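Dear colleague,

Please find below the structure that I am handing over to you. My notes on it follow.

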Amino acid sequence: MKVTPSAPTSRTPAPEGRRQFLKLSTAVGAIGALPLLQTAGRALAAEQGAPVRIGYLPVTDAAPLLIAHGNKTYEAQGLEVEKPRLFRSWAQIAEAFLSGQVNVVHLLMPMTIWARYGSKAPAKVVAWNHMEGSSLTVLPEINRLSDLGGKTVAIPFWYSVHNVVLQYLLRGQGLQAISEGNPGPKQVKLVVMSPGDMLPALGTKQIAGYTVAEPFNALAETLKVGKIWRFTGDVWKDHACCVVFMHERDLEQRPQWSQKVVSSIVQAQAWIRDHRDEAAHMLAKDNPAHYTPHTYETLAQVMAPHEELAARYKASGAVEHADWKEKRIDFQPYPFPSYTEELVKMLKQTIVSGRNEFLQALDPAFVARDLVDDRFVKKAIADLGGMSAFGLPNSFTRRETISKN
């Protein structure tokens with residue numbers, strides 16, 4: 001099936017992604033030096049009970065924030081909540097969050113590292129939003145990873161686990177990632193695209209592949225314009241992708257409000273684990289809430305996949321570690337420090353465009369302590385009976401498992 005872009009798309013999309021990144025860097029730098037709410041009156045109003053204002057992208061990563069809204073979990077906690085606000089790109093959602101337009105978002109975990117340490121944004125990770133939920137999707141004629149040499153692949157943001165895992169895989173094949181110029185036979189050019197632009201670009205062969213959150217990978221297979229080459233969760237076991245990011249001001253000055261927000265999201269994650277098919281219906285475009293533009297059938301492939309689909313991916317090589325028993329997307333809220341530490345180490349080995357000099361100075365153990373505020377998520381988990389509510393041992397430590405390259 002031929003896919004037509006919904007809007008004019010440049011044949012060389014890299015400059016647009018670079019412009020967005022530079023614009024966001026400037027905005028974050030300016031915002032980080034000022035109070036998030038510009039006047040004392042607005043600040044006082046916020047402390048007294050501003051509503052929950054959710055920002056999200058139309059990907060399955062956002063499911064807990066949206067399901068908590070759809071199930072009225074926020075209201076059950078005594079919170080006032082506005083209708084969640086959909087954004088098109090990671091740059092847009094980050095800018096809206098840092099300017100105070102929204103106060104609860106799911107954000108790419110590496111992006112939170114860049115925001116806090118690269119741009120001094122006063123915000124912290126309070127929980128994981130999900131695990132896995134992404135893959136590398138390529139054109140049907142790509143039969144080996146080495147076939148990407150000399151071609152262009154899209155990523156959702158330079159600071160993303162997608163970029164980290166993709167470059168890890170490319171290095172294993174002796175391929176070099178580049179961000180400028182034309183790629184040679186042993187190089188792969190990476191460009192930043194919003195998730196919604198990736199499928200049309202693949203369908204018109206402007207790019208040879210993309211790595212992004214679901215359901216855009218499932219949709220490529222449904223439309224027969226691409227195939228899933230490898231699930232990122234099959235490379236890094238139980239990795240986080242998006243996390244819940246909140247303003248530090250709220251965490252310190254409105255701890256009860258913050259606890260209720262985090263508890264709502266944690267409860268939604270536990271609910272999704274037992275109601276995967278129902279969650280897919282709730283997120284589908286025919287639901288009156290119109291959370292996403294995706295069909296139930298596409299979302300169900302991700303949220304509640306059939307066993308025969310899993311068998312197909314094992315046969316194709318998209319899943320090499322069936323013994324890991326990874327879900328296509330899963331939900332567990334605790335932000336394990338070992339993951340944050342390993343992510344910082346891997347970011348130091350990853351090519352990222354824009355301001356990146358701060359990365360080499362980061363101490364992984366310090367980032368795990370400073371970036372994450374786990375007070376609220378620990379209480380929310382305890383209120384549900386502990387980590388066993390998410391099928392895990394009752395421990396806040398783990399060892400990271402990454403596939404050999």
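**An enclosed helix and the residue after it**

Please bear in mind throughout that the model is predicted. The buried residues of α6 run from one end to the other: Met109, Pro110, Met111, Thr112, Ile113, Trp114, Ala115, Arg116, Tyr117 and Gly118.

Just after α6, Lys120 takes a positive phi of about 60 degrees. Lys120 belongs to the loop that links α6 (109–118) with β4. With a relative accessibility of 58%, Lys120 counts as exposed, because the cut-off for that class is over 50%.

Asn129 is placed in the loop between β4 and β5 (131–132). Is this residue buried or exposed? Its relative accessibility is 0%, so Asn129 counts as buried. The side chain of Asn129 reaches the backbone oxygen of Asp61 at 2.5 Å. Leaving out residues up to four places away in sequence, Asn129 touches Asp61, Ala62, Pro64, Leu65, His106, Cys242, Val243, Val244, Ile265, Gln269 and Phe331.

**The six-stranded sheet**

A further open sheet has 6 strands in the order β8-β9-β7-β10-β6-β11, and its pairing is mixed. The edge strands here are β8 (176–178) and β11 (227–231), and each pairs on one side only. Direction ignored, neighbouring strands of this sheet are turned by 30 degrees against each other on average. Strand β8 runs parallel to β9 (residues 187–192), and 3 bridges join the two. Ile178 stands opposite Lys189 in β9.

Helix α8 (residues 195–203) lies across β6 (134–138), β7 (151–155) and β10, running at about 155 degrees to β10.

Which two residues does a cis peptide bond join? They are Glu214 and Pro215, and omega is about 10 degrees. Pro215 lies in the loop between β10 (209–213) and α9 (216–222). Most residues other than glycine have a negative phi, and most peptide bonds are trans.

Helix α3 (residues 63–70) packs against α12 at an angle of about 85 degrees, and their axes are 10 Å apart. That angle makes α3 roughly perpendicular to α12. On the α3 side the contact is made by Ala63, Leu66, Ile67 and Gly70, which meet Ala279, Met282 and Leu283 in α12. Sorted by class, the contact of α3 with α12 has 6 nonpolar residues, 1 polar residue and no charged residues.

His290 is found in the loop between α12 (276–283) and α13 (296–303). The phi of His290 is near 55 degrees, which is a positive value in a residue other than glycine. His290 is exposed, with a relative accessible area of 53%.

Ala304 is found in the loop between α13 and α14 (307–316). At 22% relative accessibility, Ala304 counts as partly exposed. Setting aside its neighbours within four places in sequence, Ala304 is in contact with Arg276 and Asp277. Ala304 and Ile329 are 25 residues apart in sequence, and their C-alpha atoms are 8.9 Å apart in space.

With kind regards

Technical notes. Residues are numbered from 1 along each chain as its sequence is written. This is a predicted model: local features need pLDDT of at least 70, side-chain atom pairs count only at pLDDT 80 or more; totals for chains, interfaces and linings use all residues. Side-chain values use heavy atoms; hydrogens and water are left out. Helices (H or I, at least four residues) and strands (E, at least two) are DSSP runs, numbered from the N terminus. Buried means under 20% relative accessible area, exposed over 50%, partly exposed in between (1.4 Å probe, protein chains only). Contact means heavy atoms within 4.5 Å. Two strands pair if DSSP finds at least two bridges between them. Axes are lines fitted to C-alpha atoms, for helices over the stretch in contact, and angles run from 0 to 180 degrees between N-to-C directions. A polar contact is a pair of N or O atoms within 3.5 Å; within protein, one must be able to donate a hydrogen and the other to accept it, and residues adjacent in sequence count only if both atoms are side-chain atoms. Angles under 35 degrees count as roughly parallel, over 145 as roughly antiparallel, 65 to 115 as roughly perpendicular and the rest as oblique. Ala, Val, Leu, Ile, Met, Phe, Trp, Tyr, Cys and Pro count as nonpolar, Asp, Glu, Lys and Arg as charged, and the others, Gly among them, as polar.
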